[in-house]
Amino acid sequence: MARTFARRAAIAGIGHTEYSKDSGRSELQLACEAARTAIADAGLIPADIDGTVTFTFDTSGEHDVVNNLGIREVRWMSRTPNGGAGAAATVQHAAAAVHAGICRNVLIYRAFNERSGKRFGVSGGPVHNPSENWYAPYGLRTPAQMYSLWYHHWMLARGMTNADLGHYTVAARAYAATNPNAWFHGRPITYEDHQASRWIVEPVLRLLDCCQESDGGVAIVVTSAEHARDLPNPVVEITAAAQGDLLGGSTLTNYYHDDLSEFPEAVAVARQLWEDSGLGPDDVQAAMLYENFSPVVFMLLEAYGFCGRGESAAFVREGNLGPDGKLPVNTHGGLLGEAYIHGLNSIIEGVRQLRGTAVNQVASAQHILVSSGASALILGAG
């Protein structure tokens, strides 16, 4: 039985800036540029917006965004934790506000200068979160270092090595090469390129297994499914949305669970989505899977039941993620190939697929999964 606002909210507008390594402008300006584009795409004006959602990490204050856009009255403001793990949760927050009748049109935004400004992938500075004292004194200061302990155990339990990961990165870059919005547009790679790239954390992650550091902004407008039918774009319903933060979990260090050979947050979210939507893996035509690092794609394929435990390496190697495969994945190039805007760019790619406007369009797309690990969505054609 569906327990959520299933199919009662929809994404009406999407927008983004260019994706670069040096935007030359403030994060607030990037947020407002993306927001104006998304609002216009929805056929609305800023005064129509009455709610906002962003990330706890975002530096652009709600009042600054509201004042710069000319939004008249806001009735809902919320932020989601967990960085990229909370990407899909932003849409869940917005849809909840719309379904509850608090808001009519909610603006989601995320913007940063993550390459030219504060870089997530560079260590340094004092420890701010007390939980970091469990691992920072041992030299685990960057996401690649922190995650790799968990990835390595997960991969060893399946007999996987870094050589298996290269088949995904080649597929992602092939999609990016045909996407004019992607940083790596026109620059595909070979499997040999992947294996020749330098180690970041040996023996788990090479350079080409790591997401980009990008400057840019992305915005989304969520409204009711009924209202969306009166707006210019094809309706993209939020079929289901879920979060799964569990006892023992952590934003960056998932090695406190009893069984490190699983991804329990993703398993919990998958269970919620399939139950709430009444759908299953065979009902999804494409998936946008958050990959700050390439092993996550393999983890999510298994967690959602697209293949069995230990079968993800073969599933990817056999070409199932490509345009003619069983499950096209990250058709925009993903965070490795297009840009890293904390996963919101993957959500708008899901919207494009259902509108029929994606560069690498999947035929007859009716349902798209967007997963960011501890939160996820199923988007459906209205």
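Is Phe112 buried or exposed? I looked this up first in the predicted model. Phe112 has 3% relative accessibility, so I logged Phe112 as buried.

**Aromatic pairs**

I then turned to the rings. The structure holds 10 aromatic pairs. One of them joins Phe112 and Tyr340. I noted 6.2 Å from centre to centre and 20° between the planes. Stacked pairs have planes under 30 degrees apart, so this pair is stacked.

Where do Phe112 and Tyr340 lie? I found Phe112 in strand β4, residues 105–113. Tyr340 sits in the loop between α11 (334–337) and α12 (344–355).

**Charges over rings**

Which ring lies under the charged end of Arg110? I found the ring of Phe55, with the charged end 5.2 Å from its centre. The charged end of Arg173 sits over the ring of Phe184, 3.7 Å from the ring centre.

**Cysteines**

How many disulfides are there? I counted zero. For Cys211, the nearest cysteine sulfur is that of Cys210, 7.2 Å away. A disulfide needs the sulfur atoms within 2.5 Å, so Cys211 is in no disulfide. My last entry is Cys307. Cys307 has 8% relative accessibility, so I put Cys307 down as buried.

Definitions and conventions: Residues numbered from 1 in each chain as written. Predicted model: local features only at pLDDT ≥ 70, side-chain atom pairs only at ≥ 80, totals over all residues. Heavy atoms only, no water. Buried < 20%, exposed > 50% of the residue type's maximum accessible area, 1.4 Å probe, protein only. Phe/Tyr/Trp six-rings, centres within 6.5 Å; stacked < 30°, edge-to-face > 60°. Helix = DSSP H or I, 4+ residues; strand = E, 2+ residues; numbered from the N terminus. Lys NZ or Arg CZ within 6 Å of the ring centre and 35° of its normal.
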